[in-house]
Amino acid sequence: MSNYFDNSYDWWKNIDKYILILILGLFFLGLFFSLVSTSLIASDKLNTNSYYFFIKHLIFISLGIIILLFFSFLNQETLIKISIILFFFAFISLVLVVFIGIEVKGSKRWLDIPLVPRFQPIEILKPFFIIIVSAVLSLNNKKLYFKYFFSAAILIPVLLILISQPDFGQTLLITTIWLALIFVSGINIFLFFSFIITAGLIVSYLVIFVPKFEYIRLRLLNFLDSSSGNNYQAERASDAIINGGFFGKGIGEGTLNSRIPEAHTDYIVSIISEEFGAIIVIGIMLIYLVLSFKVIQKIKVVKDHNIKLILIGSISIILVQSFIHVGVNVQLLPTTGMTLPFLSYGGSSIVSTALISGIILNLTKRKIF
């Protein structure tokens, strides 16, 4: 018992409390917005307890905080070892989606297993993907380019599975994070742009010539042609932001939830803006930027190259995912189905964000114990 209290004291003494408060603040903001954005859905559409979605979200947030604390308590060596093991478990789960996954709206991205219905393996894989790729890129091999092709060998199977689901949003996100990691690892600039050009050519070929990916081509064409009439969800989300104005229409006065499905996941920013105003959304985005700034401050003083890469990958995935989500909501980007870290409803997304947050808190402590 004494050892437990000593470890807890050491954890509290060394944890970056500023980063911890920002992370917990974002989680609790998500819980609040879940309450005001989903109660109408539960009562009107499901004819059930108006707090049905909120209670589920509360359970997910509670689980997420437990996961966050667990990963932040681990010492650095144990964290890396556990993460590599969990990467392979998450990858196996991702492979199983191909064979026994459930299909929703034309996409097969979820596993339906006991106690964990609608579990999305890619969300769990993302934090551990960052750690394993960072470990590979930190290898001191005489053949300098070996580690880049080794990391690509880890990336490609994940992308092939995501493409087959299909899940263009997560494919884009994972590829972007991998490119960010190899860029900051010190890769030759010509090799880096060779990777980008190769990836661009492959994606272009798939989208233009392979029938399975026609939906991506149509989505891009519809996005570029605002008069097509096929951007209903994005247009309604954009309208909600405009109607909310600077200060919002008031709690419960928004109509977006009743106009498009899954608004509390894919369009949570539009819901917040409609009811609370653009000023609140701007405030939330500032919190993300402050969190990123505090993590980058820590990165500057870290000497271990592997830890630097993990922290860069972790904060990058939060920023890129947030940018994509907001971009879709304001019609700067085509619809991807990307959730907003910390705030969007969804168990897999919350657990993924909690894992990333736990890793960040662990590696930004004043000392590793």
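Glu123 is buried, at a relative accessible area of 3%. Its salt-bridge partner is Lys126, with the closest N and O atoms 2.9 Å apart. Lys126 is buried as well, with a relative accessible area of 1%. Both residues belong to helix 5, where they sit 3 residues apart, a separation of about one helical turn. These values come from a predicted model.

In total, the structure holds 7 salt bridges. Another of these joins the side chains of Lys298 and Asp16, at 3.3 Å from N to O. Lys298 lies in helix 14 (residues 278-301), whereas Asp16 lies in the loop between helix 1 (2-14) and helix 2 (17-44). The pair therefore ties together parts that are 282 residues apart in sequence. Asp16 counts as buried, at 11% relative accessibility.

A further salt bridge links the side chains of Glu274 and Lys249, with an N to O distance of 3.6 Å. Glu274 is in helix 13 (residues 268-276), and Lys249 is in the loop between helix 10 (232-244) and helix 11 (256-259). Parts 25 residues apart in sequence are thus tied together by this pair. Glu274 counts as buried, at 2% relative accessibility. Lys249 is partly exposed, with a relative accessible area of 37%.

The largest nonpolar core has 95 residues. Within this core, Phe129, Trp178, Ile182, Leu291, Phe342 and Leu343 touch the most other members. Helix 5 (residues 121-137) gives the largest share of the core, 11 residues. In soluble globular proteins, nonpolar side chains tend to be buried together.

Phe342 counts as buried, at 2% relative accessibility. Leaving aside residues up to four places away in sequence, Phe342 touches Ile23, Leu26, Phe27, Gly30, Tyr288, Leu291, Ile318, Thr353 and Ser357. One of these contacts, Leu291, is also listed with Phe342 among the core residues that touch the most other members.

The backbone of Phe342 also stands out. Its phi is positive, about 80°, although Phe342 is not a glycine. Most residues other than glycine have a negative phi, and most peptide bonds are trans. Gln331 likewise has a positive phi, near 60°, and is a residue other than glycine. Gln331 is placed in the loop between helix 15 (305-329) and helix 16 (347-363). A cis peptide bond runs from Gln165 to Pro166, with omega near -10°. Pro166 is found in the loop between helix 6 (146-164) and helix 7.

At least two residues of the patch come from each of helix 7 (168-184) and helix 8 (189-209). Helix 8 supplies the largest share, 6 residues. Phe190 is exposed, with a relative accessible area of 67%.

Technical notes:
Residues are numbered from 1 along each chain as its sequence is written. This is a predicted model: local features need pLDDT of at least 70, side-chain atom pairs count only at pLDDT 80 or more; totals for chains, interfaces and linings use all residues. Side-chain values use heavy atoms; hydrogens and water are left out. Helices (H or I, at least four residues) and strands (E, at least two) are DSSP runs, numbered from the N terminus. Buried means under 20% relative accessible area, exposed over 50%, partly exposed in between (1.4 Å probe, protein chains only). A nonpolar core is a set of buried Ala, Val, Leu, Ile, Met, Phe, Trp, Tyr and Cys residues joined through side-chain atoms within 4.5 Å. Contact means heavy atoms within 4.5 Å. A salt bridge is a side-chain nitrogen of Lys or Arg within 4 Å of a carboxyl oxygen of Asp or Glu.
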